[in-house]
Amino acid sequence: MPHADIKCTTDLGIDVKTLMSNIEEIILQLDPNSGVCKGRVIRIDEYYHSHLNIELRMFASKERDLEFSNQLISRVDQKAKSLMKSAAHVTVKLEFSPVTYLTDFYDPEATEK
């Protein structure tokens with residue numbers, strides 16, 4: 001399950017919900033088996049320069065090679081910039097989680113039944 005952390009300065013006025021949805025769509029286009037992308041936004045009130053920082057994390061696999069990585073970073077970068085209404089520094093970072101990482105979905109109501 002991929003993760004997307006978006007850190008941005010409050011002056012950008014970017015529609016981050018649309019960006020998160022678009023990131024999930026891009027990932028699923030490149031890897032249909034990746035599943036949903038968990039996303040969160042951290043808005044920065046105090047800053048020196050306007051910026052948008054997108055950090056993507058997913059499990060490593062042989063299908064997620066250099067070509068995959070380059071396409072994912074490029075497409076997310078292009079989509080983010082298309083949603084921006086003002087100038088800012090933009091960074092897109094992709095990390096692969098080690099095999100010792102555990103992620104799951106927990107629903108206490110489903111467990112009780």
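Two residues are in contact when they have heavy atoms within 4.5 Å of each other.

You're looking at a predicted model, where local features need pLDDT of at least 70 and side-chain atom pairs count only at pLDDT 80 or more, while totals for chains, interfaces and linings use all residues. Residues are numbered from 1 along each chain as its sequence is written, and side-chain values use heavy atoms, with hydrogens and water left out.

**Stop 1: the whole chain.** Switch to cartoon view and follow the pattern β-α-β-β-α-β-α along the sequence. That's three helices and four strands, taken from DSSP runs (helices are H or I, at least four residues; strands are E, at least two) and numbered from the N terminus. The C-alpha atoms fill a box of roughly 45 × 40 × 25 Å along the principal axes. Of the 113 residues, 33% are buried (under 20% relative accessible area, with a 1.4 Å probe and protein chains only; exposed is over 50%, partly exposed in between).

**Stop 2: the core.** Select I23, L52, I54, L56 and L72, which touch the most other members of the 23-residue largest nonpolar core. Such a core is a set of buried Ala, Val, Leu, Ile, Met, Phe, Trp, Tyr and Cys residues joined through side-chain atoms within 4.5 Å. Now colour β1 (3-9), α1 (16-30), β3 (51-59), α2 (66-83) and β4 (89-97), the elements that each give two or more residues to this core.

Zoom in on L72. Leaving aside neighbours within four places in sequence, L72 is in contact with I26, I27, L30, L56, M58 and L94.

**Stop 3: two helices.** Show α1 and α2. They pack at an angle of about 155 degrees, with axes 10 Å apart (axes are lines fitted to C-alpha atoms, for helices over the stretch in contact, and angles run from 0 to 180 degrees between N-to-C directions). So α1 is roughly antiparallel to α2, a label for angles over 145 degrees. To see the contact, select T18, L19, N22, I23, I26, I27, Q29 and L30 of α1, then F68, Q71, L72, R75, V76, K79, A80 and L83 of α2.

**Stop 4: S97.** Finish in strand β4, where you'll find S97. Is S97 buried or exposed? S97 is buried, at 12% relative accessible area. Not counting residues up to four places away in sequence, S97 touches R57, M58, F59 and A60.

Key
Angles under 35 degrees count as roughly parallel, over 145 as roughly antiparallel, 65 to 115 as roughly perpendicular and the rest as oblique.
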